[in-house]
Amino acid sequence: MFTKKRVAILGIVVLVGFYLGALATRAIINLMIGGTLFGGNFL
Amino acid sequence: MRNEKKGNKTGMFIFLCIILFIISFVGGVIFKLVYDPFHGKYKVNWTDEVGKIYSDISYGELESNKFDLYVPSDNSKESYGLIVYLHAGGFRTGDKKDDADTLKYYVSKGYVTAGINYTLNTDDNPQYNIKTMSEEIKKAIPIVVNKAKEFGYNIDEMTIAGGSAGGCLALIYAYRDAKEAPVPVRMVFEGVGPSSFYPEDWKSYGLDKDSKAAADIFSYMTGKKITEDMFGTKEYDELIKDVSALLWVDENTVPTVMAYGKHDIFQPYEGSVRLDEALTAAGVDHKYFVLEHSGHGLQNDTKEYMKYLDTVEEYLNKYMPVK
């Protein structure tokens with residue numbers, strides 16, 4: 001099941017998922033008063 | 001049979017990809033929420049060995065007229081510099097305790113620090129505005145200095161600072177009231193504090209196109225009756241001068257370190273450009289940090305934000321060094 005190609009694909013999926021998760025959070029924070037909610041010390 | 005097995009394996013692999021994507025996505029969210037890009041550089045592990053906090057000391061009759069005093073554990077010095085940090089909250093919310101980490105951090109450097117509450121503009125207290133808040137700060141500071149002395153810390157100089165609404169009030173105190181301060185005001189540092197009130201700057205509220213709305217909002221901020229026909233006149237500048245730090249800048253203005261977000265929609269970045277230009281024209285030693293990717297929270301430019309904080313310390317070492 002785990003050929004080199006598939007391991008590489010899984011690695012890419014993990015990286016893309018992580019990046020998109022962080023990016024989505026950043027976008028939401030930017031919408032929330034430019035990060036000033038929660039004391040502005042959110043990031 | 002072989003094709004069916006191959007199909008099952010492919011299906012399993014796709015399923016695994018989806019599960020891993022979801023887990024990684026959640027991991028990315030959690031990382032972004034909990035990661036401290038400063039690695040604790042501007043925080044201190046607060047213990048009795050670092051300092052002590054005197055909470056909710058009164059400086060007036062109102063419930064909101066309270067301040068917290070943070071003092072270093074070492075009280076053996078002849079005199080101390082005071083750093084007052086004023087909290088954010090759009091003049092309508094916030095509390096001195098919001099800045100506890102900042103106040104503790106500067107105590108760890110050897111300063112006495114204070115967070116002062118001021119009476120907020122709320123639905124129950126609509127009569128409070130930037131002018132009344134700035135007057136409360138002015139009233140509080142001599143009391144802060146005296147209280148520190150009572151506790152054994154002789155204050156002989158001070159710096160005022162703040163964020164957003166607190167930045168606005170810090171600038172007003174530093175530029176308007178410094179001459180009447182109980183000890184010399186050495187410098188001011190602040191982030192995203194509005195320092196001027198010109199409708200053409202306040203585009204995100206549409207005030208550049210709606211003079212009536214601009215007059216209403218600026219009347220609330222100043223506590224004075226401003227009408228549409230006043231904009232652009234000297235009379236207008238006179239009316240807003242009490243709450244506009246920009247209009248107090250001259251060659252005697254104290255050194256200033258300030259940071260603003262280029263995409264700020266809560267107070268205009270354009271106002272900070274005016275302030276930078278005025279400070280430059282007056283020959284005031286100042287540093288102006290523009291966070292190119294950030295809004296009001298200065299949230300997307302960690303390196304530049306760290307430069308701002310490091311520059312604050314450089315200026316403190318230069319203008320109000322710890323004895």
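Colleague: What should I know about the numbering and the model before I start?

Modeller: Residues are numbered from 1 along each chain as its sequence is written, while chains are lettered from A and ligands numbered from 1 in the order in which they are written. This is a predicted model, in which local features need pLDDT of at least 70 and side-chain atom pairs count only at pLDDT 80 or more, whereas totals for chains, interfaces and linings use all residues.

Colleague: How many helices and strands are there in chain B?

Modeller: Helices (H or I, at least four residues) and strands (E, at least two) are DSSP runs, numbered from the N terminus. Chain B has eight helices and eight strands, and its C-alpha trace spans about 90 × 60 × 40 Å along its principal axes.

Colleague: Into which domains is chain B divided?

Modeller: Domain bounds come from an automatic or database domain assignment, and here they give domain 1 (51-195 + 246-319) and domain 2 (197-243) of chain B. The C-alpha centres of these two domains of chain B lie 24 Å apart. Two residues are in contact if their C-beta atoms, placed from the backbone, lie within 7 Å, and the contact between the domains takes 11 residues from domain 1 of chain B and 12 residues from domain 2 of chain B.

Colleague: Which elements give two or more residues to the side of domain 1 of chain B that touches domain 2 of chain B?

Modeller: They are α3 (130-150) and α7 (269-281) of chain B, and α3(B) gives the most, with four residues.

Colleague: How should I read the packing of two helices, for instance α3(B) and α4(B)?

Modeller: Two packed helices are described by the angle between their axes and the distance between the axes. Axes are lines fitted to C-alpha atoms, for helices over the stretch in contact, and angles run from 0 to 180 degrees between N-to-C directions. The axes of α3(B) and helix α4 (residues 165-177) of chain B come within 10 Å and cross at roughly 65°. Angles of 65 to 115 degrees count as roughly perpendicular, and α3(B) and α4(B) are therefore roughly perpendicular to each other.

Colleague: Which residues make the contact between α3(B) and α4(B)?

Modeller: On α3(B) they are B:I130, B:M133, B:S134, B:I137 and B:K138, and on α4(B) they are B:C168, B:L169, B:I172, B:Y173 and B:D177. Ala, Val, Leu, Ile, Met, Phe, Trp, Tyr, Cys and Pro count as nonpolar, Asp, Glu, Lys and Arg as charged, and the others, Gly among them, as polar, and the contact divides into seven nonpolar, one polar and two charged residues.

Key. Parallel < 35°, antiparallel > 145°, perpendicular 65-115°, else oblique.
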